[in-house]
Amino acid sequence: MESVRWDERPQLRRPILVAAFEGWNDAADAASSSVGYLSELWGARAFASIDPEEYFDFTLTRPRVRLTDDLERRIEWPANELRYAVMADLPHDIVLLAGTEPNLRWRRFCDELISVTRSLGVEMVVTLGALLADVPHTRPVRVTGTAADDELGARLHLERSRYEGPTGIVGAFGDALRRAGVPSASLWATVPHYVGQTPSPKAALALIEKTSALLGVPVRTRELEEAAAEYETKVTELVQADSDIAEYVAQLEEDDEPELAIDGAESLAAEVERFLRDHGPK
């Protein structure tokens, strides 16, 4: 039984899907908050969701009780919600998936998402993730990118992932997209492991900037830039209060290497567009 609940079936122009999932792939909430920020900024409209009943063990990922302004109790279930934004100045509309990593039936869950992409005519998928790493909070956030398609990777200067080990739903979804022949790229931000439980607007900002460059969409980030500066100041104060951590961070700063530069936003977005036009319906 299909578990996708459609509230609307939008007619979109050559859409690109941007997806992030709370959970294992989302260190410091950087990926999920990036999609949330873009959704709010672009006024994205909800049109579909995935019924959580089949994909979650609610003893592991528990629903949360919220009180409304009228003190009425409401239960919020783990969500995977799809929104769309009509981008009048671009050749592509954008679909945003704000998700929660499921506990169960990942292959079926990914099949449902593939079915949605086909129904909407999605031309490319960009997944966002964030991972803990031995990096200092005082340096620019590194964002690495991978692509399963060799030609797309060559055009965007992205490599095939060489990671081996446990994976999350982002990895499973990426594999499903590859097998389905849907072009996809994945962007990952690195988060200092010593503040991995603290939401990082700095990492979210870095992901949004790279996503903006990839899509060719200017994004207003002033509020996020201010939050990122405040985050760095507060983390620095906490680090300086502990001599052992301060010494460790100083060592990370010594060992840190500068981030590799990527092409400018216009050339990167142009390569995406050329790739999609070359591989579009004949």
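## Walking from the helices into the sheet

Let's start where helix 5 touches helix 6: Pro201, Lys202, Ala204, Leu205 and Ile208 in helix 5 meet Leu224, Glu225, Ala227, Ala228, Tyr231 and Glu232 in helix 6, contact meaning heavy atoms within 4.5 Å. Sorted by class, this contact has 8 nonpolar, no polar and 3 charged residues; Ala, Val, Leu, Ile, Met, Phe, Trp, Tyr, Cys and Pro count as nonpolar, Asp, Glu, Lys and Arg as charged, and the others, Gly among them, as polar. Keep in mind that this is a predicted model, where local features need pLDDT of at least 70 and side-chain atom pairs count only at pLDDT 80 or more, while totals for chains, interfaces and linings use all residues. Residues are numbered from 1 along each chain as its sequence is written, and side-chain values use heavy atoms, with hydrogens and water left out.

Helix 5 and helix 6 (residues 222–240) pack at about 140 degrees with axes 8 Å apart; axes are lines fitted to C-alpha atoms, for helices over the stretch in contact, and angles run from 0 to 180 degrees between N-to-C directions. The two are therefore oblique to each other (under 35 degrees is roughly parallel, over 145 roughly antiparallel, 65 to 115 roughly perpendicular, and the rest oblique).

Now look at helix 1 (residues 30–41), whose axis comes within 8 Å of that of helix 5 (residues 201–215) and crosses it at roughly 60 degrees. That makes helix 1 oblique to helix 5 as well. On the helix 1 side, the contact involves Ala30, Ala31, Ser33, Ser34, Tyr37 and Leu38, which meet Ala203, Ala204, Leu207, Ile208 and Thr211 in helix 5. Here the tally is 8 nonpolar, 3 polar and no charged residues.

On to the sheet. It's an open one, with 8 strands in the order 1-3-6-7-2-8-10-9 and mixed pairing; strands pair if DSSP finds at least two bridges between them. Helices (H or I, at least four residues) and strands (E, at least two) are DSSP runs, numbered from the N terminus. Strand 1 (4–6) and strand 9 (143–147) sit at the edges with a single partner strand each, so one side of each has no neighbour in the sheet.

Further in, strand 7 (residues 94–100) has 6 of its 7 residues buried (under 20% relative accessible area, with a 1.4 Å probe and protein chains only), so it is largely enclosed by the rest of the structure. Strand 2 (residues 16–22) pairs with strand 7 in the parallel sense over 7 bridges, with Ala19 bridging to Leu97. Strand 6 (residues 81–85) pairs with strand 7 in the antiparallel sense over 5 bridges, and there Glu81 stands opposite Ala98.

Key:
Buried < 20%, exposed > 50% of the residue type's maximum accessible area, 1.4 Å probe, protein only.
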